[in-house]
Amino acid sequence: MNHFKEAAKTWDTPQKKDRNLAIAQSIASHLKNDQSYKLMDFGCGTGLLAEALRKLVSIEKLVGVDPVEEMIQEFSAKFKDVPDAEGLSLNIETEELPGTQGEFDLVVSAMAFHHLQGPLVVLKKLKNHLSCDGKIFVVDLDQEDGSFHLEPQKMGVHHFGFSKEDRDLWCEKAGFKTVTHEAVFEISKNDRVYPVIMSVYSV
Ligand SMILES: C[S@@+](CC[C@H](N)C(=O)[O-])C[C@H]1O[C@@H](n2cnc3c(N)ncnc32)[C@H](O)[C@@H]1O
């Protein structure tokens with residue numbers, strides 16, 4: 001996690017803001033205008049996705065979860081004037097999320113799942129915190145050849161993106177009713193283009 005500790009203060013670049021805005025617009029296209037949502041941003045980093053989403057849909061409660069304290073400090077600073085916004089520095093792979101089960105209408109996650117050792121186990125844990133008609137939006141790289149991160153080990157990368165088969169299997173094994181997939185962004189890097197896919201899991 002050292003990489004993210006060091007990166008937290010300078011994380012918010014125009015490129016990352018544009019990416020998260022595009023992702024937020026895709027998420028918002030699945031949501032209702034007349035509903036207010038209880039939202040968890042999982043692997044929130046500094047909170048760029050939640051920040052973009054708040055401009056598009058009504059959020060009545062916001063929780064950011066990330067194991068890196070320095071990221072959560074940036075998240076908390078960003079939302080210091082927002083009532084019912086909270087940053088939690090914890091690792092869901094080794095710790096339990098506090099709070100009651102069924103409390104979130106939405107869990108969103110951008111570019112964090114490839115850092116998890118056990119994405120399926122985490123998805124099951126997150127599902128327990130969803131309301132009865134809740135949704136989880138997992139946004140991450142399509143399966144790639146390992147060239148996206150220059151130093152994958154140093155950056156805590158456990159997966160080179162995910163295939164449609166991976167994402168469909170999680171739906172079945174975690175007991176979601178449906179999953180849909182769509183391409184929401186492309187990251188140009190190392191003279192390559194890496195598609196970013198959004199999978200929407202519904203209970
Ligand atoms: C590529 S960054 C994305 C941050 C943010 N979602 C964004 O798009 O700007 C990956 C984030 O996942 C977090 N992360 C790593 N391991 C995690 C875990 N076990 N649970 C939750 N988040 C984790 C990192 O600390 C980092 O903030």
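Reader: So which residues are closest to the ligand, and how many surround it?
Author: This is a predicted model, so keep that in mind throughout. In it, 19 residues surround the ligand, and the closest are W11, G43, D66, N91 and A110.

Reader: What does the side chain of D66 do with the ligand?
Author: An N or O atom in the D66 side chain is 2.6 Å from an oxygen atom of the ligand.

Reader: And how far is the N91 side chain from a ligand nitrogen?
Author: There the distance is 3.0 Å, from a nitrogen atom of the ligand to an N or O atom in the side chain of N91. A110 comes in through its backbone: one of its polar backbone atoms is 2.9 Å from a ligand nitrogen.

Reader: How much of the ligand does the protein bury?
Author: The protein buries 97% of the 580 Å² that the ligand exposes when taken alone.

Reader: Which pocket is it sitting in?
Author: The ligand sits in the largest pocket.

Reader: OK, switching to charges. How many salt bridges are there?
Author: The count comes to eight salt bridges. In general, side chains of opposite charge can pair when their charged atoms come close.

Reader: Give me one. What does K9 pair with?
Author: K9 forms a salt bridge with E74, with 3.1 Å from N to O. E74 lies in helix α4 (residues 69-78) and K9 in the loop between α1 (2-7) and α2 (14-28), so the pair ties together parts that are 65 residues apart in sequence.

Reader: Is K9 buried or exposed?
Author: K9 is exposed, with a relative accessible area of 68%.

Reader: How far is K9 from E70, going by C-alpha atoms?
Author: Their C-alpha atoms are separated by 7.7 Å, and the two residues are 61 residues apart along the chain.

Reader: How about D168, what does it bridge to?
Author: D168 forms a salt bridge with K164, where the closest N and O atoms are 2.6 Å apart. The two are four residues apart in helix α6 (residues 164-174), so about one helical turn separates them.

Reader: How accessible are D168 and K164?
Author: D168 is at 27% relative accessibility, which counts as partly exposed. K164 counts as partly exposed too, at 47%.

Reader: Last topic: where is S199?
Author: S199 is in strand β7 (residues 192-202). This serine is buried, with a relative accessible area of 0%.

Reader: What does the S199 side chain touch, then?
Author: The S199 side chain makes a polar contact with the side chain of R167, at 2.9 Å. Another joins the side chains of S199 and H181, with a distance of 2.9 Å.

Notes
Residues numbered from 1 in each chain as written. Predicted model: local features only at pLDDT ≥ 70, side-chain atom pairs only at ≥ 80, totals over all residues. Heavy atoms only, no water. Salt bridge = Lys/Arg side-chain N within 4 Å of Asp/Glu carboxyl O. Buried < 20%, exposed > 50% of the residue type's maximum accessible area, 1.4 Å probe, protein only. Near = heavy atom within 4 Å. Polar contact = N/O pair within 3.5 Å; in protein donor to acceptor, adjacent residues only side chain to side chain. Areas by Shrake-Rupley, 256 points an atom, 1.4 Å probe, with all protein chains shown as cover. 1 Å grid on protein atoms, 1.4 Å probe; cavity = no way out; pocket = protein on both sides within 12 Å on 5 of 7 lines; lining within 4 Å. Sits in = over half its atoms within 2 Å of the grid points.
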